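Take a moment to look over the sequence and the 3D view below. We will walk through them together, starting with a pair of charged side chains.

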Amino acid sequence: MAEVEESSKPLFAGLSDISISEDIPVEGDISVPLGSQNADNDLSTLDEPVKDTILRDLRAIGQKFVHVMYPKKSSALLRDWDLWGPLILCVTLALMLQSGSADSEEDGRPQFAEVFVIIWFGSVIITLNSKLLGGTISFFQSLCVLGYCILPLTVAMIVCRIVLLGGSGIIGFAVRLIVVTASFSWSTFASTAFLADSQPANRKALVVYPVFLFYFVIGWMILTFSPSH
Amino acid sequence: MTNVSPDDLKFQEFDEAADLLSSNPGASTLSISSPAAAASSEEVKVDLSDDEDNQQESSELLGGEKQTGGFWTFEYYQSFFNVDTLQVLDRIKGSVMPLPGRNFIKHHIRSNPDLYGPFWICVTLVFSVAISGNLSTFLSKMGNTDYHYRPEFHRVSIAAVTVFLYAWLVPLGVWGFLMWRQSVERQISGYTFLETVCVYGYSLFIYIPTSILWTIPFNWLQWLLIVIAMVISGSVLVLTFWPAVRDDTKLTAFATMAVIVSLHALLAVGFKLYFFQVAMYTGPSHSVQQITPASNHTSLTSGKPQ
C-alpha cells in the first residue's frame, strides 16, 4: 500500500496548481424547457374534468378506427398504440357470437371465452411469429394493429345479425357470405399495409399468411353464426 | 540468421481451413461460391459427407453448432425461424413429391431445421379439418328438414389437441428410439430432435388439401384420398428414416418402419372417422347416436378403427 502512495504522489502533484480564481464569474441559469412543460402538462391533466380525459382517449380511438377503414401508409397507428380499441372490438364480437341458449352444449357455438382466447392468443402468436422472423415492429404495436383491424369483421357481424333478423334463407346466406368475405379481405389488406413494412422483403409472405389465417377463422365464426330458435 | 530448417520453407497445407472458419465465423474470407461464408462452410460439410459413413459425425457437429445463446434468450428461438419464403415453399414441395433416393432431411432441410413450417402447417391442419368436417356434415344433412345447423366449435379444440400431440410426441418417441439404438450400435446415425419434428410437420402438409377434398360426400372418394395421402406422406417418412435404421437388425428396422407408418395411418383414419361422416341415416336422433360411438373409436391410444 505504501508503494501505491509513493507512486500516486507524482500523479496528483499537478492538481494543487489548479484553482478557480475568484474573478471569473460563474453565472447563468440552467433551465430544462421540456421538463417544465411536462410538469405543467401533468398538473393540467389532473385538473381537467373527467369528460375531457375520456373524450380525448375516445377521439384517439376513433381516429385509429378511421385509419383502419381507409388504410393509408400513415404511422399514427403504430406510433401511439393503445389496446382500448382492440379490447372494445373483441368484447363486442365475443358478446355477439356467444350462445345465449341454455343448451349451449348441444349448440356448439363458440363460447365467449373461446372467442376471446382465439383473438388475443392468435394476435400474440402472430406477433411472436413476425418478431421471430426478424421483424422490426414492437410487440404492442403489432397487437394494436391486429386488434384494430378486426373492425371490418365486427361491422360485418352487426350486418349479419341484422340480415338474420329477416330470416335465414338462401338469399340471406349469400348476402352474409359476400359481406363476410369482403370484410375479411379488407381486414387482411389493412393489417398487411401496416405490418408488411417491418419485415425483410423475402419473408413478407411468411408473415402475411398467419394474418390471413387469423382473419379467415374469425370470418368463419361470423359466417356460421346461426340464431338459436 | 538463426537456424532455419528446410521444413519451415516447405509449403504447409492448411487443410483445417474449414475448422478454422467454423471456430471463427467472423473472420473475413474470400468465398467464391456464395457470399455467406460461414453458412457455406456448413453446407460444404453436408455436401461432402453425403455418404453414409460420415453422416454421424456431420449431424453431430452441425447439431452442436446450432446453439446460439442460451434457451432463455430470444436469439435462441430466432435461430429456428431462419427461413425465407422460397425455402418454406421448397420444403413443402419436397414433402408432397417424395422421390426415391432423396432424403427429406438431407436434401431439403440441410441442417437448417425451422419451426415455422411445422407449427403453421399444424395450425392450418387443425382449422382445415374442423372447418371441412363441419362443412361436410352440413352438406350431407342439407336435405334433412329436422337438421339444425351447428358450428360444432368444440371440435376445433379436439383437432388441435390431436394434431399437436401427434406432431410433438411421435417425433420425440422416434428421436428417442433412434438415439437409444445409436448408443447401442455405433453405426446407426440419428437426427436431431428438431429435424425429426421438421420432417413430421412438413409431412402433415398433404393432409390439408386432402381434408378440403373430403367435403365431397362420396365414401369411395374419401377412402381413395386417404390411401393416396398416406402413400405420399408415409413414403416421405420412410425415405427419411430408412437410412437411419437400415444398419440395425432386420427385425428392428422393419418394426420401426411399421410403427411409423401405422401411426401416420391411424391419424388419417381417425380424422376421417371423427370429423367426416357420410350420412347413412335419417333423423336427428340417429345422428346423435352416430357421433358418440365414432368418438370412442378415434382415441389414438387404444382401440382400432373399424
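In this predicted model, the side chains of Asp114(B) and Arg91(B) meet in a salt bridge, with N and O 2.6 Å apart. A salt bridge here is a side-chain nitrogen of Lys or Arg within 4 Å of a carboxyl oxygen of Asp or Glu. The pair links distant parts of the chain, 23 residues apart: Asp114(B) sits in the loop between helix H7 (104-109) and H8 of chain B, while Arg91(B) belongs to helix H6. Helices (H or I, at least four residues) and strands (E, at least two) are DSSP runs, numbered from the N terminus. Are these two partners buried or exposed? Asp114(B) is buried because its relative accessible area is 1%, and Arg91(B) counts as buried at 2%. The cut-offs are under 20% relative accessible area for buried, over 50% for exposed, and partly exposed in between (1.4 Å probe, protein chains only).

Residues are numbered from 1 along each chain as its sequence is written, and chains are lettered from A and ligands numbered from 1 in the order in which they are written. This is a predicted model, so local features need pLDDT of at least 70 and side-chain atom pairs count only at pLDDT 80 or more, whereas totals for chains, interfaces and linings use all residues; side-chain values use heavy atoms, with hydrogens and water left out.

How many salt bridges does the whole structure hold? The search over all chains finds 4. In one of them, Asp82(A) pairs with Lys64(A) at 2.6 Å, N to O. Asp82(A) lies in the loop between helix H4 (76-79) and helix H5 (84-97) of chain A and Lys64(A) in helix H3 (residues 50-69), so the pair ties together parts 18 residues apart in sequence. Another joins Arg56(A) and Glu48(A), whose closest N and O atoms are 3.2 Å apart. Here Arg56(A) is partly exposed at 38%, but Glu48(A) is buried at 19%.

Now let us see where the two chains meet. Across the interface of chain B and chain A there is 1 salt bridge, and the side chains of Arg203(A) and Asp84(B) meet in a salt bridge at 3.1 Å, N to O. The contact (heavy atoms within 4.5 Å) takes 25 residues from chain B and 30 residues from chain A. The area buried between them is about 2,600 Å², with carbon and sulfur atoms giving 66%. Buried area is the accessible area (1.4 Å probe) that two parts lose on being put together, summed over both.

H8(B) is mostly covered, with 20 of its 25 residues buried.

Finally, step back to chain B as a whole. Its secondary structure comes to 14 helices and 0 strands, and 43% of its 306 residues count as buried. His264(B), in helix H13 (residues 250-275), is one buried example, at 1% relative accessibility. Beyond its neighbours within four places in sequence, His264(B) is in contact with residues including Tyr166(B), Tyr200(B) and Leu237(B).
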